[in-house]
Amino acid sequence: RIVDIFQESSKNMNLPKLSIIIASTDASDTIEKCLTSLEMQKDLNLAEIIVVDCSTDETATIIKKRFPKIILIENQNKLPAAHLKAMGIMASSGDIIVLTEPYCIAANNNWFSSILKAHDSHYSVISGAVEPICYNNIISWATYFCEYGSFMLPFKKTFYNEMTGNNISYKRDILQNYFLDIQNKGFWKVFLQWKLQKTGIAMISDPDILVYHNKHYQFSDFFRKRYYFGRCFSGMRRKEMSFMEIIFYITITPLLPFIFIYRLSKQIIPKRRYLKEYAASLPVLFLFFVNWSIGEFCGYVFGIGNSCENVY
């Protein structure tokens, strides 16, 4: 059915410039602010907004009541975010496919136009910045630094090996080469990025494309998901590695928490912002990285298991 929607929409000559894809699971506490910020965009008429939802809370009800023009794809079964994103991509019709999250708030009414301006270039993959909303506890700061500290302002408009998954856009003519793989396996940003890098696709991170992170986790919830994420990542990676490569990565997993802290500190400290919050959150960050490392070890040794189903 999703492929049928994609094929049908492709026949329409009046296609949008942007397709905004949001994968949503139990996001009733953040979805309204997210979608309101998108509907305030001055280039709204150039975009379609697609929310693919498998929530058990009131998310779908809020969307139907408050945002009737938004395309809502509902799923009765709980699915990993990678598969929800894939469904949204396959249902899209825009020249530029943008992925964000239900807890992201566009920083101003120029977010769409900033994306369009950035893509008026030879770059095919463009990510942006992710700023924190001032949190009131260390756990929230630690979760932000863990996932998005690398994408905090300021940074220069240039290529980075890492690109944020909640503020990233692709030219359709590049992404569609991977549609079959995305449809069958789901959308996994990091593995797709590696493939694109190998083919020499031009990528850039643009600080003018800005969203705010508006998500608060409980320690136990985020800590548990770090394990699943680490195991899912290494379990998928393991399928394309040689035996000796697997052994090598198994042996270095105990070092990963220290490597992650070192890399993150190199990126955050020179920015001279939120340094007190970063210092205070380091013990919690270290625990998050330890659990990721345990998950990564288990993925190399035992495979994926059911970890990818529990990432989101």
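I define surface patches as residues with over 30% relative accessible area and no salt bridge, joining like charges within 9 Å and nonpolar side chains (Val, Leu, Ile, Met, Phe, Trp, Tyr) within 5 Å. This is a predicted model, where local features need pLDDT of at least 70 and side-chain atom pairs count only at pLDDT 80 or more, while totals for chains, interfaces and linings use all residues. Residues are numbered from 1 along each chain as its sequence is written, and side-chain values use heavy atoms, with hydrogens and water left out.

**Entry 1, patch.** I looked up a nonpolar patch and found Phe-243, Met-244 and Ile-247 making about 340 Å² of surface. Areas are from the Shrake-Rupley method with a 1.4 Å probe, and for residues only the protein chains shown count as cover. I place Phe-243 in helix α11, residues 243–252 (helices are DSSP runs of H or I, at least four residues, and strands are runs of E, at least two, numbered from the N terminus). Phe-243 counts as exposed because its relative accessibility is 59% (buried is under 20%, exposed over 50%, partly exposed in between, with a 1.4 Å probe and protein chains only).

I checked α2 (residues 31–39) against α3 (residues 59–66): the angle is about 35° and the axes are 10 Å apart. Axes are lines fitted to C-alpha atoms, for helices over the stretch in contact, and angles run from 0 to 180 degrees between N-to-C directions. On the α2 side I list Ile-31, Glu-32, Leu-35 and Thr-36, which meet Thr-59, Ile-62, Ile-63 and Arg-66 of α3 (contact is heavy atoms within 4.5 Å). For α12 (residues 256–268) and α13 (residues 275–302) I read an angle of about 145° and axes 8 Å apart. Their contact includes Phe-258, Ile-261 and Leu-264 of α12, and Leu-282, Phe-286 and Trp-292 of α13.

I searched the whole structure and got eleven salt bridges (a side-chain nitrogen of Lys or Arg within 4 Å of a carboxyl oxygen of Asp or Glu). Lys-185 pairs with Asp-181, with closest N and O atoms 3.4 Å apart. Both lie in helix α8 (residues 179–185), four residues apart, about one turn. Lys-185 is exposed because its relative accessible area is 52%, whereas Asp-181, at 27%, is partly exposed. Lys-195 also bridges to Asp-181, at 2.9 Å between the closest N and O atoms. This pair links distant parts of the chain, Lys-195 in α9 (residues 189–198) and Asp-181 in α8, 14 residues apart.
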